[in-house]
Amino acid sequence: MAVYTRHLPQWKQDEVEEVKKYVQEYALIGIIDTFGIPASQFQQIRRNLKERAVIKVMRNTLIEHAFSDLGGVYDDLKEHITGHSALIFTNDNPFKLFKSLEQTKTKRAAKAGEIAPEDIVVSKGPTSFKPGPIVSELQQAGIPATIDGGKVKIRETKTVVKAGEVIDRKKAGVLSKLDVKPMDVGLSLFVALYQDELYLPDVLGIDETEYYNKLVLAVQQAFNLSVNAAYPTAFTMEMILAKAFREARSLGIEAAIYEKDVIDGIIAKAYRQMNTIKVLVE
């Protein structure tokens, strides 16, 4: 037993040993955030992932003990442990895991004191509310409102809370009444350790459409560079030969080199020049 865990009660030692066993069995270990997830949703997520991943919920201190026992790069994982951490083990690569966890998320109303994950915008237009205290509540939350046709109407689109700002009680209440749900509920991947490399969300959260478009553009640019530089590859050889043929033919026509493959072009050019001179003379 490692020096970090031998003083622990047996049940805690067993928990730590189970983590170390999973580390040997799976290619990836990640730290996930379980904050705010209802028990029923968490269990459903667990069931959905059970064929591909194991989720281990345990005390943060025991996670730290396990990482200390493992040492090396596992020590770097400690700084990513938060108040509601859990571990996930899988053989998926970190990008696939991140995408899978993002797909588990749903939306919920914001609570007072929470941080806005993005700009929270309320659009202008009619609401379902009848005239009453709601008008004052909206205005106190910085949302311009009026009465129109017996209903409360928001006069203009307004950013109620900017990304990174704290959502106060009044704004949280109004957003809830307007059924604006800015908060994500689901498992968030804080960090993944895969093949001795740490992967953070800012690396894993790629826009697949944007990435695909950039990849297509890079292929097109590489293809054009190969053709224009006459650098032959299996993909560009045909285009390079076709371009060389066109350029050689154009040169033959411009230089009036009498060769069987360009004589028709030379005659056509001479004919056009003749017609141009004829028009000018007449």
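Helices (H or I, at least four residues) and strands (E, at least two) are DSSP runs, numbered from the N terminus. The model shown in these views is predicted, so that local features need pLDDT of at least 70 and side-chain atom pairs count only at pLDDT 80 or more, while totals for chains, interfaces and linings use all residues. Residues are numbered from 1 along each chain as its sequence is written, and side-chain values use heavy atoms, with hydrogens and water left out.

**View 1. Helix 5 against strand 7 and strand 8.** Helix 5, residues 133-140, lies across strand 7 and strand 8, where contact means heavy atoms within 4.5 Å. The helix runs at about 150° to strand 7; axes are lines fitted to C-alpha atoms, for helices over the stretch in contact, and angles run from 0 to 180 degrees between N-to-C directions. The two strands belong to an open sheet of three strands with the order 6-8-7 and antiparallel pairing, two strands being paired if DSSP finds at least two bridges between them. Strand 6 (125-126) and strand 7 (145-148) are the edge strands, each of which pairs on one side only. Strand 7 is joined to strand 8 (residues 151-154) by four bridges, and K151 in strand 8 stands opposite D148.

View 2. Strands of a sheet pair through backbone hydrogen bonds, either parallel or antiparallel. In this sheet the pairing is antiparallel and the order is 2-3-1-11-12, with strand 2 (53-56) and strand 12 (197-199) at the edges, each pairing on one side only. Neighbouring strands are turned against each other by 20° on average, direction ignored. Six bridges hold strand 1 (residues 28-33) and strand 3 (residues 85-90) in antiparallel pairing, and the bridge partner of G30 in strand 3 is I88.

**View 3. Two helices packed on the sheet and on each other.** Helix 1 (residues 10-25) lies across strand 1, strand 2 and strand 3, and runs at about 35° to strand 3. Helix 3 (residues 60-70) also packs on the sheet, where it touches strand 1 and strand 3 and makes about 45° with the direction of strand 3. The axes of helix 1 and helix 3 come within 9 Å and cross at roughly 55°. Helix 1 and helix 3 are therefore oblique to each other, given that angles under 35 degrees count as roughly parallel, over 145 as roughly antiparallel, 65 to 115 as roughly perpendicular and the rest as oblique. From helix 1, W11, K12, E15, V16, V19, K20 and V23 meet L62, H65, A66, D69 and L70 of helix 3. These contact residues divide into seven nonpolar, one polar and four charged, where Ala, Val, Leu, Ile, Met, Phe, Trp, Tyr, Cys and Pro count as nonpolar, Asp, Glu, Lys and Arg as charged, and the others, Gly among them, as polar.

**View 4. Helix 8 and helix 9.** Helix 8 (residues 208-228) and helix 9 (residues 237-254) pack at an angle of about 45°, with their axes 9 Å apart, and are therefore oblique to each other. F223, S226, V227 and N228 of helix 8 make the contact with M239, I240 and K243 of helix 9, which by class comprises four nonpolar, two polar and one charged residues. Just after helix 8, A230 takes a positive phi of about 55°.
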